[in-house]
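Hello,

Here is the structure for you to look over. My notes follow below it.

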Amino acid sequence: TAFKHILAPIPVAFALLAAWHLLRRPRPAPAMTSLGRLWAPFAAGVIAVWGGIALVFLFQGGFADFFWTNFVWPIENLAAGDPAPLSRLAEGAAVLVASTLPWLLLALATVDGVFRSNEPKFTSYLWTWIIAAAAALLLQRTSWWAYHFLLFYVPIGILGVRGIDRIVGALTTRANISPLAAMGLTALLVTLPLAGLARPLGEDARTLWKAFYVKHLDADGYRRQNFPV
């Protein structure tokens with residue numbers, strides 16, 4: 001978040017969720033002491049990173065510009081700038097869903113685990129990541145560029161793997177299937193989503209081969225040919 005402060009809500013959401021988990025369970029120390037032990041390192045990290053960068057700009061005589069660029073102008077731009085077209089937001093969401101659909105369906109198998117005490121806390125953090133990232137994306141209403149949706153790929157992928165784990169675990173418990181069958185089912189559930197990557201990877205390889213080995217373009221020529229915008 002050093003130069004992308006709009007993403008700060010994501011780690012802040014993690015810290016808030018950690019505090020909630022902390023207050024829910026029995027504690028040997030008073031609540032405020034436990035929260036202090038949780039929040040002090042987090043606050044120290046924020047101060048070290050943002051404070052360190054601010055000091056560099058201060059010593060270079062550019063602190064006013066640094067502050068205006070990161071804290072003043074973004075708010076002014078959101079208030080006065082023209083909103084991005086909703087079609088751009090819809091297109092980015094459609095590409096995300098189309099690109100991650102097999103993993104997204106598997107990830108949905110973890111939703112109920114957020115409310116189960118026996119589910120690893122990591123699951124709730126990943127869903128928090130998705131919610132906070134969605135809020136950060138929607139706040140950037142003057143842009144909504146396609147790359148903003150890259151925020152969702154990592155949590156969806158990890159939740160998809162956890163979804164496979166939960167599906168196979170539930171079937172192993174209820175259907176009493178053998179460990180070998182469980183391994184086979186796991187391999188199948190992993191292979192099917194991965195197979196969906198074959199076509200886009202093949203298309204990328206074909207485009208690169210044509211550009212560099214057939215047309216003998218350089219990197220700039222490749223970008224200009226395939227990404228004119």
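**Helix packing and aromatic pairs**

Helices α6 and α7 are roughly antiparallel to each other, because angles over 145 degrees count as such. This is a predicted model: local features need pLDDT of at least 70, side-chain atom pairs count only at pLDDT 80 or more, and totals for chains, interfaces and linings use all residues. Residues are numbered from 1 along each chain as its sequence is written, and side-chain values use heavy atoms, without hydrogens and water.

Helix α6 spans residues 153-175 and α7 residues 179-195. They pack at about 150°, axes 10 Å apart. The crossing is right-handed. On the α6 side, the contact (heavy atoms within 4.5 Å) uses Ile164, Ile167, Val168, Leu171 and Thr172. On α7 it uses Ala182, Leu185, Thr186, Leu189 and Val190. Eight of these residues are nonpolar, two polar and none charged.

Now the aromatics. The whole structure holds twelve aromatic pairs (ring centres within 6.5 Å). Trp39 and Phe42 have ring centres 5.7 Å apart and planes at 85°, so they are edge-to-face (planes over 60 degrees apart). Both sit in helix α2 (residues 31-59), three residues apart, about one turn of the helix.

Trp50 lies in α2 and Phe71 in α3 (residues 63-80), so the pair ties together parts 21 residues apart in sequence. One aromatic cluster takes in Trp50, Phe57, Phe63, Phe66, Phe67 and Phe71.

Best regards

Conventions:
Axes are lines fitted to C-alpha atoms, for helices over the stretch in contact, and angles run from 0 to 180 degrees between N-to-C directions. Helices (H or I, at least four residues) and strands (E, at least two) are DSSP runs, numbered from the N terminus. Angles under 35 degrees count as roughly parallel, over 145 as roughly antiparallel, 65 to 115 as roughly perpendicular and the rest as oblique. A crossing is left-handed if the near helix is turned anticlockwise from the far one by less than a right angle, and right-handed if clockwise. Ala, Val, Leu, Ile, Met, Phe, Trp, Tyr, Cys and Pro count as nonpolar, Asp, Glu, Lys and Arg as charged, and the others, Gly among them, as polar. Rings of Phe, Tyr and Trp (its six-membered ring) pair if their centres lie within 6.5 Å; planes under 30 degrees apart count as stacked, over 60 as edge-to-face and the rest as tilted.
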